[in-house]
Structures are given as C-alpha cells and as structure tokens.
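Please look over the chain shown here. A short report on its fold and some of its residues follows.

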Amino acid sequence: MKRGLRSMLLAAALLGAAAPAVLAHPLGNFTVNHYAGIRVEPDRIQLDVVIDAAEIPTFQLVAGRDLGGDGALTGAELDGLAVDRCLAVGRDLALDVDGAPAPLALAAAGVALPAGNGGLATMRLSCAFEAPALVDATTRIAFHDDFEAARIGWREITAVAS
C-alpha cells in the first residue's frame, strides 16, 4: 500500500514539474501554427492571418536574414522579413467568391520575435490581406490555406460578416 502511494505521489510530482515545458509548445519546437480570420464586408473581404512558428522553423528562417552578422535583426531586416513572409503566405492562400478566384492584396505586414526555449526566438507573423468583392446574402465564399502545409501545427479559421 505504501509503495503504491509513494509511486502515485512521485508520478504526480514529475507530471507537475514537466507541465510548464509541455505547455510551452504542445506539439513541439518544430510547429508552425496558422490562424486566419475572415471578415466579410459588402464591398470587400478582409483576411487577417497570423503564423506562429516555434524555435526551429524560426531559427531556419531568420539565420539567413541577419545581414549584419551580429546575431540580431535590425528594424529594416525585420520589416523585410515581414513583407517577404507575408507575400509567401499570400501565394499559398486561395479565396474564391462565387467560384471565381479573388486576388488577395497585402495591406499590412508585421513580425515579432518573442523569446522561446533554449535561448532561441519564436516568430509571430501578422499579415492583413484584402480582396475587393461585391458580397450579399447569397454570395458563396471559399478559403483554403496551403502555406507550409507539410509542417505540423494547428490551423484555425474564423469568419464574421458585417
């Protein structure tokens, strides 16, 4: 009886100690998570896309961007990274309105590199796209995200209309 109780207490203590590390990246340090928020207006469709990349994909992407070689990205390097990555994201998104492709124009791009595990950064990329469209109650809208489809991570899509 004592041995079973001791084992349960030890297991609970180990689980409690490991929980913060597991919660940091539930799928691991290789994930690329996607969020797409679709906002439908009478004259356009706005698309807010956020890409959260864990440490390894961020390291792979940022390594070639440090033009100064000092281990840190300047404001201009970050701005260039944001625009380049958002354009890459946009090429892999498909928005159809009543069966016809709706061209997405990049309206805004931003990137942040929050600290991650092991002294490495993570990346949060924010992209705003817009497509002109005449929309009413009968309009059919379809959306597909193929950006880095081979990478593991969660994907979330929300849609709201005015």
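Predicted model: local features only at pLDDT ≥ 70, side-chain atom pairs only at ≥ 80, totals over all residues.

Is Glu-148 buried, partly exposed or exposed? Glu-148 is partly exposed, with a relative accessible area of 25%.

## Backbone at two loop positions

Glu-148 sits in the loop that runs between E7 and E8. Its phi is positive, at about 45°, although Glu-148 is not a glycine. Most residues other than glycine have a negative phi. Asp-98 is another case: its phi is about 50°, again positive, and it is not a glycine. Asp-98 is placed in the loop between E3 and E4.

## Overall architecture

The protein chain holds three helices and eight strands. Along the sequence they follow the pattern α-β-β-α-α-β-β-β-β-β-β. The chain has 162 residues, and 30% of them count as buried. It exposes about 9,800 Å². Carbon and sulfur atoms supply 62% of that area.

How far apart in sequence are the residues that meet? Take the contacts between residues at least 6 apart in sequence: 68% of them join residues at least 24 apart.

## Strand pairing

Strand E3 covers residues 93-97 and pairs with E7 over five bridges. Within this pairing, Val-97 stands opposite Ile-141 in E7.

Strand E6 has pairings of its own. E2 and E6 are antiparallel and pair over ten bridges. Strand E5 (residues 105-112) is joined to E6 by seven bridges, and these two also run antiparallel.

| Strands | Bridges | Facing residues |
|---|---|---|
| E3 and E7 | five bridges | Val-97 opposite Ile-141 |
| E2 and E6 | ten bridges | Asp-52 opposite Arg-124 |
| E5 and E6 | seven bridges | Gly-110 opposite Ser-126 |

In a regular strand the side chains alternate between the two faces of the sheet.

## The disulfide

How many disulfides does the structure hold? The structure holds one. It joins Cys-86 to Cys-127, with an S to S distance of 2.1 Å. The angle about the S-S bond is -85°, and the link is left-handed. Cys-86 lies in helix H3 (residues 75-91) and Cys-127 in strand E6 (residues 123-132), so the bond ties together parts that are 41 residues apart in sequence.

Both ends are covered. Cys-86 is buried, with a relative accessible area of 0%. Cys-127 is buried too, at 3%.

## The nonpolar core

The largest nonpolar core has 30 residues. Which members touch the most other members? They are Leu-47, Val-49, Val-89 and Leu-125. The elements that give two or more residues to this core are strand E1 (32-40), strand E2 (44-53), H3, E3 and E6.

Leu-125 shows what such a member meets. Leaving aside neighbours within four places in sequence, Leu-125 is in contact with Val-49, Val-50 and Ile-51, among others. Its partners also include Ala-82, Arg-85, Cys-86 and Val-89.

## The end of the chain

Ser-162 is found in the segment after strand E8 (155-161). Ser-162 is exposed, with a relative accessible area of 66%. Ser-162 and Arg-39 are 123 residues apart in sequence, yet their C-alpha atoms are 7.6 Å apart in space.

What does Ser-162 touch, not counting residues up to four places away in sequence? Ser-162 touches Val-40, Glu-41 and Pro-42. With Glu-41 there is also a polar contact of 3.3 Å, which joins the two side chains.

Methods:
Residues numbered from 1 in each chain as written. Heavy atoms only, no water. Helix = DSSP H or I, 4+ residues; strand = E, 2+ residues; numbered from the N terminus. Buried < 20%, exposed > 50% of the residue type's maximum accessible area, 1.4 Å probe, protein only. Contact = heavy atoms within 4.5 Å. Areas by Shrake-Rupley, 256 points an atom, 1.4 Å probe, with all protein chains shown as cover. Pairing = 2+ DSSP bridges. Disulfide = S-S within 2.5 Å. Core = buried A, V, L, I, M, F, W, Y, C linked by side-chain atoms within 4.5 Å. Polar contact = N/O pair within 3.5 Å; in protein donor to acceptor, adjacent residues only side chain to side chain.
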